[in-house]
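I opened the model to look up a few things. My notes follow the order in which I checked them.

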Amino acid sequence: MIFLYSTYNELIKIALKPRSYLGLAAITGLVGIILFALKVDGMSMISFVTSSFEQTLRFEGEVLNGNLVAFIILQMLIVHIPLLVALVTGDLISGEAAMGTLRMLVSRPISRSQLLLSKFLAGGIYTLLIVFWLGFLAVIIGRFLFGPGDLMVLNSDGLIIIQELDVLWRYLGGFCVAFLALLTISSLSICLSCFSDNSIGPIVSTMAIILLFTIIGTLDVPVFDPIRPYLFTTHMAAWRSFFDDPLPWTQIKESIYILIAHNTCFMAVALYTFHRKDITV
């Protein structure tokens, strides 16, 4: 009961911070711009992509439909959302320390473990809200404006056509994996927040780690080959695997296991550090 009450308080704190609405506002604005651009001049972009296939394939129906629009939005925005998550979750511990309220929190009748886990849970709920809002705007609003239809996906192997009845469950699975990837960012930023007494440090450190791991993952250098598969950034785009045919279940499960392992590791480090943290102010 105390744990749930503490989680509720953490959610109230998140709701009262203006920066918490920055992510929702940014997603709304960016998706709105993309939807407007595709509505006005989307077919010219689609024609540029499909022109090389039109000699061998004949497309029927609306190629630019809500399912394709949602996929384009995810491709363009999902890599930017970690910053929006870290802006809020990176402040959950260090922000309390900077304001001098952390000492009061640990003096309440709740263990440090429960207090920290309630912050992890609140951060996860906020991350889920971000993912849900992106999914609503991309899939629901996209289908409302552009209508349903088969999904055309272009990957390294060529052009994949996914039937309309086979699309929504793929989006559901893709968003679940995307949430797990963003939850890893939330766990990392909260973990780093335990080491800092200011709000900027954990946010900047989180983005620096993401940038460093991304560079290591994209550099074609053999020395990084043994560690590249185990970096969480390697699996940030695992949601896209749900739009391959046939579905690479082995690859998807591997990404899920590695992301869960990273979340567990970050939480364990945070618990150890927070228990040993000397809170004097």
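**Ground rules.** I am working from a predicted model, where local features need pLDDT of at least 70, side-chain atom pairs count only at pLDDT 80 or more, and totals for chains, interfaces and linings use all residues. I number residues from 1 along each chain as its sequence is written, and side-chain values use heavy atoms, with hydrogens and water left out.

**Cavity.** I began with empty space. Rolling a probe the size of a water molecule over the atoms shows where such space is left. I take a cavity as a set of points, on a 1 Å grid over the protein atoms alone, where a 1.4 Å probe fits but cannot get out. Points are joined across faces, edges and corners, and the volume is the space filled by probe spheres set on the points. I find one cavity of 30 Å³ or more. The largest cavity has a volume of about 50 Å³.

Which residues line the largest cavity? I list Leu74, Ile78, Arg170, Tyr171, Gly174, Phe175, Ala178, Trp239 and Phe243; lining residues have an atom within 4 Å of a point. Helix 8 (residues 168–193) gives the most to this lining, with five residues. I use DSSP runs for helices (H or I, at least four residues), numbered from the N terminus. The lining divides into seven nonpolar residues, one polar and one charged. In this scheme Ala, Val, Leu, Ile, Met, Phe, Trp, Tyr, Cys and Pro are nonpolar, Asp, Glu, Lys and Arg are charged, and the others, Gly among them, are polar.

**Aromatic rings.** I searched the whole structure and got nine aromatic pairs. Rings of Phe, Tyr and Trp (its six-membered ring) pair if their centres lie within 6.5 Å; planes under 30 degrees apart count as stacked, over 60 as edge-to-face and the rest as tilted. Phe71 and Phe243 are edge-to-face, at 5.2 Å centre to centre with 75° between the planes. Phe71 lies in helix 3 (residues 66–77) and Phe243 in the loop between helix 9 (200–218) and helix 10 (249–276), so this pair ties together parts 172 residues apart in sequence. Trp239 and Phe243 also pair edge-to-face, at 6.1 Å centre to centre and 75° between the planes.

Phe71, Tyr171, Phe175, Trp239 and Phe243 form one aromatic cluster. I checked burial next (buried is under 20% relative accessible area with a 1.4 Å probe, protein chains only). Phe71 and Phe243 are both buried. Trp239 counts as buried at 3% relative accessibility.

**Charges over rings.** The test is NZ of Lys or CZ of Arg within 6 Å of the ring centre and within 35 degrees of the ring normal. The charged end of Lys39 sits over the ring of Phe146, 4.9 Å from its centre. Arg112 lies over the face of Phe274, 5.7 Å from the ring centre.

**Helix 4.** Is helix 4 (residues 81–89) mostly covered or uncovered? I find it mostly covered, with seven of its nine residues buried. These are Ile81, Pro82, Leu84, Val85, Ala86, Val88 and Thr89.

**Gly23.** I place Gly23 in helix 2 (residues 20–50). Gly23 is buried at 2% relative accessibility. Leaving aside neighbours within four places in sequence, Gly23 contacts Leu84, Tyr126 and Ile130; contact means heavy atoms within 4.5 Å.

**Thr184.** Thr184 is in helix 8. I get a relative accessible area of 0%, so Thr184 is buried. Not counting residues up to four places away in sequence, Thr184 touches Phe232, Leu259, His262, Asn263 and Phe266.

Conventions: Buried means under 20% relative accessible area, exposed over 50%, partly exposed in between (1.4 Å probe, protein chains only). Helices (H or I, at least four residues) and strands (E, at least two) are DSSP runs, numbered from the N terminus. On a 1 Å grid over the protein atoms alone, a cavity is a set of points where a 1.4 Å probe fits but cannot get out, and a pocket is an open set with protein on both sides within 12 Å along at least five of seven lines; lining residues have an atom within 4 Å of a point.
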